[in-house]
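Grab a pencil and work through these exercises with the model open beside you. Try each task before you read its solution.

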Amino acid sequence: MFFSRPEGLARILSLDDDAGPLWDPAEMKAMWRHQLAAPLEADLGGMTVVNNAQSAALKSFAGKTFKDLLSHAEPPVALLELAKEFAKQTLKDSDDKQLKEIASALYYAAYAVALTRCGKSLGSLQGHHLVSGFSWGLERPWLDEPTKALLTVARKQVAGPH
Amino acid sequence: MEVTDRKQVIHKYFGALKAYLICLLSRFPDQRAESDDLLQEFILKKIMQPGWLENANPDKGRFRDFLKSSLRNFVVGEIRTRDAAKRGGKNPVLSLDDLEQEIAGPEPLSDSFDMAWLKMVLSGALEQMERSCAVSENTHIWKIFQSRVIQPALEGAEPLPYDQLVAQFGLKSPAQATNALATAKRMFARHLRAVVAQYETGDQAIKAEIEALKLFLEKLLPGVKLA
């Protein structure tokens, strides 16, 4: 502290009301990788399970990750719903913009998986709202290629061939 | 105020007072060796005197400014008296006005009282936070804060990269990682306000003091506006 430069002291002092990003923007890629690698229980374990199907699905995916869920050929819709609800709750409760971006990506990825592999919608979002959400995801430079491919297929499915 | 309270004040602000005194005496080569002596005199003749600290009225200004101007005025008086004594009681070569003008010249800011004060406040907040994390068994919060914020800001170290951080501290998801770092920042801000609250009273005064310290740093960093 004694030898610290004013720039460093300024950074510490401005933490008092610092609303800036917590993480370096270049770390968003690592954050998304971390989200995909996270055990489902880590985030969904604290959610209120609303029905037996969700509870059973969560048990059947014990020890599995978000990546396992999103890349599953026939994922349980109940679990995708729970993942979507988790993302929605994070968007509502968190003050952190970067975490909200990660939650948004998870939200649209869950929607896309349900639409493309289960033929189901996870909620009331339809048409251009979904298309713009998938497009938003595709514009994220930190999103991995498999998720981008998923969003591309889902966008095409909702928007139609034109 | 009790004697023990006065001793606490001395203990707490000794570093800042000494730094400022050295800064003041840098303009008086003959007096530089007298800094320890002058500081002891200031403590005995001012701080330890019953009723003196009670002059620090929050309505009249900040406690930091009160200590600073008191020391400055004391030094001016002492140098004048000593100068006169050296000349066998004759009129001092420097008049009080001359002394005050000389002492009020531009300060080397990095050595000033305010910088020493700022470092004291920040050190206090960091120490409190570390202790609080240890007591509440949240040492991981302190370590995360150290590796992401403190070491990069104060030591110029690279922040621990996100993926290494989550691996090292067993953070299972971005929500956990973000929550941990955000908690650390909020804790620090709370301890910073608690340290300032030891010498300023009321939310407004605390906020104003933190803003004043930011303004002081902004002066040192032209073109930088602190949040």
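Two residues are in contact when they have heavy atoms within 4.5 Å of each other. This is a predicted model, where local features need pLDDT of at least 70, side-chain atom pairs count only at pLDDT 80 or more, and totals for chains, interfaces and linings use all residues. Residues are numbered from 1 along each chain as its sequence is written, chains are lettered from A and ligands numbered from 1 in the order in which they are written, and side-chain values use heavy atoms, with hydrogens and water left out.

**Exercise 1. Describe the surroundings of B:Ser173.**

Step 1: Find the residue. B:Ser173 sits in the loop between α7 and α8 of chain B (helices are DSSP runs of H or I, at least four residues, numbered from the N terminus).

Step 2: List its contacts. Setting aside neighbours within four places in sequence, B:Ser173 touches A:His34, A:Ala38, A:Asp43 and B:Tyr162.

Step 3: Look for a polar contact, meaning a pair of N or O atoms within 3.5 Å; within protein, one must be able to donate a hydrogen and the other to accept it, and residues adjacent in sequence count only if both atoms are side-chain atoms. The side chains of B:Ser173 and A:Asp43 make one, at 2.8 Å.

Step 4: Is B:Ser173 buried or exposed? Buried means under 20% relative accessible area, exposed over 50%, and partly exposed in between (1.4 Å probe, protein chains only). B:Ser173 comes out at 0%, so it counts as buried.

**Exercise 2. Describe how chain B meets chain A.**

Step 1: Count the residues. On chain B, 43 residues are in contact with 35 residues of chain A.

Step 2: Get the buried area, which is the accessible area (1.4 Å probe) that two parts lose on being put together, summed over both. For these two chains that's about 3400 Å², with 71% of it on carbon and sulfur atoms.

Step 3: Count the polar contacts. There are 9 residue pairs in polar contact between chain B and chain A, both residues at pLDDT 80 or more.

Step 4: See which elements take part. On the side of chain B that touches chain A, two or more residues each come from α5 (113-135), α6 (139-155), α7 (162-168), α8 (174-196) and α9 (203-220) of chain B. The most come from α8(B), with 12 residues.

**Exercise 3. Find the salt bridges that cross between chain B and chain A.**

Step 1: Recall the idea. Side chains of opposite charge can pair when their charged atoms come close. The rule asks for a side-chain nitrogen of Lys or Arg within 4 Å of a carboxyl oxygen of Asp or Glu.

Step 2: Count them. The whole structure holds 12 salt bridges over all chains, and 2 are found across the interface of chain B and chain A.

Step 3: Name the pairs. A:Glu27 pairs with B:Arg148, with the closest N and O atoms 2.8 Å apart. This pair runs from the loop between α1 (6-13) and α2 (28-37) of chain A to helix α6 of chain B, and both residues are buried. B:Asp163 pairs with A:Arg33, at 3.3 Å.

**Exercise 4. Work out what the salt bridge between B:Arg64 and B:Asp114 ties together.**

Step 1: Check the distance. The closest N and O atoms of B:Arg64 and B:Asp114 are 2.7 Å apart.

Step 2: B:Arg64 lies in helix α3 (residues 63-86) of chain B and B:Asp114 in helix α5 of chain B, so the pair ties together parts 50 residues apart in sequence.

Step 3: Widen the view. B:Arg64, B:Lys68, B:Asp114 and B:Glu209 are linked in a network of salt bridges.
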